[in-house]
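Student: I would like to learn how to read a structure like this one feature by feature, and I would be glad if you gave me the general idea before each case. Could we begin as soon as it is on the screen?

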Amino acid sequence: MARKKGRDISGWLIVDKPAGITSTSVVNKVRWALAAKKAGHAGTLDPEATGVLAVALGEATKTVPYITDAMKAYRFIVRLGQATNTDDAEGEILRESAERPSDAEIKEALHQFVGDIQQVPPQFSAVKVDGERAYKRARDGEEMELSARPLFVESLIMLERIDADHVELEMVCGKGGYVRSIARDLGEALGCFGHVLRLRRVWSGPFEASDGISIEEIDALAKSPELDAKLLPLEVGLADLPELRCTPEGAARLRNGNPGMVIPGEADYGDEAWASFQGKPVAVGIFKAGELHPNRVFNLD
């Protein structure tokens, strides 16, 4: 089998994704610009959505699940009075209403979407139905009964009532949330329908959109040391896990996929943690009785 071409480069590049481009296209551009062998992203953004898209390179792709599972914040504008088939402004208008809720009614309705809720994904979403993506079936005109999924919403607040038809909201939530579903369900709860007009992911785990690089900058700095310098270290993706330091023997054992001795720190028995040796990440695993039992090992020079 032919070896994949590219550099063995590891770390995170935080992109401020513009509207009108898919998350996959951003990853492909980053991989090209850094001549990287391997790249992936933590959490898809819809093509018209903007904001933080964390692109993992090389060994950092092993830390993607920890960012995908992390809390995220979204700011979005809901267009009141219209339901669309995609639950955003890209779709066809299905229903309209002349009803418009007051600010107080909107704020009151938001309470039902906070905490542990059940959420039905949009028809146009990447969830799988009988092995096929829902959006492919929806494009063919099929209407599906999608199952509700659990979502933890830490907060959902009204930032501004822009005018009678538009309200800006901010949501902080856990993994698997669909902002389009929130807009749809809020519109239903208010009896006026609703869809997302604009959506921006403000932060995702440790990554902030304000620190992100633009697509134009990526193009301008492609294949240069300046772009390499913008990479964040792999371990930034492990910010939510405690760090334990290895002994030299422990590091050698962990690198071979075996449990290795670590110096006790912030982790309790049974906790997931990551181990470092001489400042470099070695492995992620479960801490038990003075040892880390690895489930992911990093192959760094």
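Student: Which residues does Leu-241 touch, not counting residues up to four places away in sequence?

Tutor: Please keep in mind that this is a predicted model. Leaving out residues up to four places away in sequence, Leu-241 touches Tyr-66, Glu-272, Ala-273, Trp-274 and Val-284.

Student: Where does Leu-241 lie, and is it buried or exposed?

Tutor: Leu-241 lies in the loop between H7 and E14, and with a relative accessible area of 16% it is buried, because buried here means under 20%.

Student: How should I read the pairing of strands, and in what order do the five strands of the barrel close?

Tutor: The general idea is that strands of a sheet pair through backbone hydrogen bonds, either parallel or antiparallel. In this model five strands close into a barrel in the order E14-E15-E18-E17-E16, with mixed pairing, and from one strand to the next the twist averages 55°.

Student: Which residues of helix H8 are buried, and what do they pack against?

Tutor: In H8, residues 248-255, the buried residues include Gly-250, Ala-251 and Leu-254. They cover an arc of only 100° around the axis, and therefore they sit on the same side of the helix. Pro-248 and Glu-249, on the other side of H8, are exposed. The buried residues of H8 pack against E14, E15, E16, E17 and E18, and these are the strands that close into the barrel. After the helix comes Gly-257, whose phi is positive, near 85°.

Student: Which residues are buried in helix H1?

Tutor: In H1, residues 23-33, they are Ser-23, Val-26, Val-27, Val-30 and Ala-33, and because they cover an arc of only 130° around the axis they fall on the same side of H1. The buried residues of H1 pack against strands E1, E2 and E3 and also against helices H6 and H7. H1 is followed by Ala-35, whose phi is positive, near 50°.

Student: How many aromatic pairs does the structure hold?

Tutor: The structure holds one. Trp-12 and Phe-207 form this pair, which is tilted, with 5.1 Å from centre to centre and 45° between the planes. The pair links distant parts of the chain, since Trp-12 belongs to strand E1 and Phe-207 to strand E13, 195 residues apart. Both Trp-12 and Phe-207 are buried.

Student: What joins E10 to E11, and how do these strands pair?

Tutor: A hairpin joins E10 to E11 through two residues, and the two strands pair in the antiparallel sense over eight bridges. To locate the pairing on your screen, find Arg-161, whose bridge partner in E11 is Val-167. E10 is also joined to strand E7 by five bridges, and these two strands run antiparallel, with Gln-118 standing opposite Pro-150 in E10.

Note on methods: Residues numbered from 1 in each chain as written. Predicted model: local features only at pLDDT ≥ 70, side-chain atom pairs only at ≥ 80, totals over all residues. Heavy atoms only, no water. Pairing = 2+ DSSP bridges. Helix = DSSP H or I, 4+ residues; strand = E, 2+ residues; numbered from the N terminus. Axes fitted to C-alpha atoms, helices over the stretch in contact; angles between N-to-C directions. Buried < 20%, exposed > 50% of the residue type's maximum accessible area, 1.4 Å probe, protein only. Arc of directions from axis to C-beta. Contact = heavy atoms within 4.5 Å. Phe/Tyr/Trp six-rings, centres within 6.5 Å; stacked < 30°, edge-to-face > 60°.
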